[in-house]
Amino acid sequence: MSAPAVPDVVTLTSFADAKDAYRSRDLRQSLYDEGEVVMADVLVNLHGTAHRDRRRAENRMFRREVFERYERDLFPEVTRRTLAPYVEAGGVDLVHLGHELMLNLAALTAGVDRPLGTAEETGRLHAYMMRFIEGATLAHSTGDRAAQAAAVAQALEDWDAEFLAPSIARRRALPPQEQPRDVLSTLLQNQDALDLPPHVVRREVAFYLLAGGHTSATAFVRAIDHMLGWFAAHPEQRDRAADPLFVQRCIHETVRLNPSSPTGRRRALAPVRLRSGVEIAQGATVVIDLMAVNRDTALFGPDAAEFDPDRTLPPGVAPFGLSFAAGMHVCIGQDLAAGVVARPDTDPDTHLYGLVTGAVGRMFAAGVRRDPDRPPQRDAATARPYWGSYPVLLGAAR
């Protein structure tokens, strides 16, 4: 009797299998294959020595002392300046604000300069970023993908001319000791060693802009939505919004329930056998169902599908599940966005909370609450579970 055929697509729904798959060197990233117009040759799509060498160079940017400077010196002022007009106006659409705010923060990290500092300039950069997001998520688009890919390619050219090329010129004119600590400077300093042609530098910086601006923006909106729901059910806990450690737990719980992509995807470069016995044939596609993995009741409890920032976790399980992946492709910006996981002995004065925690905390300090006259709406342009609009009120309730 012949052995049973190994399927061409293997879907993983258990936490253990997913973690095992993420750590396998014979399973290559394939989540963005359809979005290579903007994602080809970027760090998250590299494999083997090419990935190791670029990650090693970029890790110098993603160090604790750099995070501390961003979180304590740079980000608070950017956040205050971005929120101020909306607090004055008494309301804002969270989806718009999330992208504007996180774009401002992501531009600093990526190294995209905005010398004019005007709202019009920020608006143009935001429009480019939204095009890049379309390109990265083409696999989930409900529109004309060929037309979208062409529009994204043109947007990359236009953005390069308007923003990237001047940012590169400014850095090339600076002495080494005055180089900013950002991704673009890091790439330029390692361009020859890593053999990075201009089009790869362009896509890499665009990727950091969209990753920092978009994934953090969706987490920002979702976290506020979850927290508003939590406080509505637990009004006696509203004061906890002033505790950054609590807000950070809310961010982690939000990311667990709502990973930036609902699935991970890998392609097998060789036959793989997971420790559980799951067989993966060479060439097969592995789909990691993060919505199921992060709701594993054996790890997260019988209410694993519910939002609970006070959830008790078993040892070795991160509060955000596997939303940041694991192994060699664990998200390089994880600590910058979501901070370091707190321990029982964490000193709140020296702890890194992450930029999303800081931004969400500022929103609750500004009195964020749902607009009873304008309910939030889902985004119909994508199969991903994004909010299309989320109106909120700010300031003291009248």
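Is phenylalanine 231 buried or exposed, and what is its relative accessible area?

Modeller: This is a predicted model. Phenylalanine 231 is buried, with a relative accessible area of 4%; the cut-off for buried is under 20%. A search of the whole structure gives twelve aromatic pairs. One of them joins phenylalanine 15 and phenylalanine 300 edge-to-face, with 6.2 Å from centre to centre and 70° between the planes. This pair links distant parts of the chain, since phenylalanine 15 belongs to helix H1 (residues 15-22) and phenylalanine 300 to helix H13 (residues 297-300), 285 residues apart. Phenylalanine 15 and phenylalanine 300 are both buried.

Phenylalanine 231 has phenylalanine 364 as a partner: the ring centres are 5.8 Å apart and the planes stand at 80°, so the pair is edge-to-face. Here too distant parts of the chain are linked, with phenylalanine 231 in helix H10 (residues 198-233) and phenylalanine 364 in helix H15 (residues 355-365), 133 residues apart. Phenylalanine 364 is buried as well, at a relative accessible area of 8%. Elsewhere, Phe62, Phe67, Phe207 and Tyr208 make up one aromatic cluster.

Next come the strands. An open sheet is formed by three strands in the order S3-S11-S8, with antiparallel pairing. Strand S3 (91-93) and strand S8 (369-370) are at the edges with a single partner strand each, so one side of each has no neighbour in the sheet. S8 is joined to strand S11 (residues 391-393) by two bridges, and the two run antiparallel. Arginine 369 has leucine 393 in S11 as its bridge partner.

Helix H5 (residues 94-110) packs on this sheet and touches S3 and S11, its direction making about 80° with that of S3. The length of H5 agrees with expectation, because 17 residues at 1.5 Å a residue should span 24 Å and the end C-alpha atoms are 23 Å apart. Of the 17 residues of H5, 15 are buried, so the helix is largely enclosed by the rest of the structure. At the start of H5, aspartate 93 places a side-chain oxygen within 2.8 Å of the backbone nitrogen of valine 95. Just after H5 comes glycine 111, with a positive phi of about 95°.

Arginine 81 lies in helix H4 (residues 64-89). Its relative accessible area is 49%, so arginine 81 is partly exposed; the cut-off for exposed is over 50%.

Strand S2 (residues 27-29) and strand S4 (residues 263-268) run antiparallel and are joined by three bridges. Within this pairing, arginine 28 is opposite arginine 267 in S4. S4 also pairs with strand S7 (residues 285-289), in the antiparallel sense and over five bridges. In S7, valine 286 is the bridge partner of arginine 266.

Technical notes. Residues numbered from 1 in each chain as written. Heavy atoms only, no water. Pairing = 2+ DSSP bridges. Helix = DSSP H or I, 4+ residues; strand = E, 2+ residues; numbered from the N terminus. Contact = heavy atoms within 4.5 Å. Axes fitted to C-alpha atoms, helices over the stretch in contact; angles between N-to-C directions. Expected span 1.5 Å × (residues − 1). Buried < 20%, exposed > 50% of the residue type's maximum accessible area, 1.4 Å probe, protein only. Polar contact = N/O pair within 3.5 Å; in protein donor to acceptor, adjacent residues only side chain to side chain. Phe/Tyr/Trp six-rings, centres within 6.5 Å; stacked < 30°, edge-to-face > 60°.
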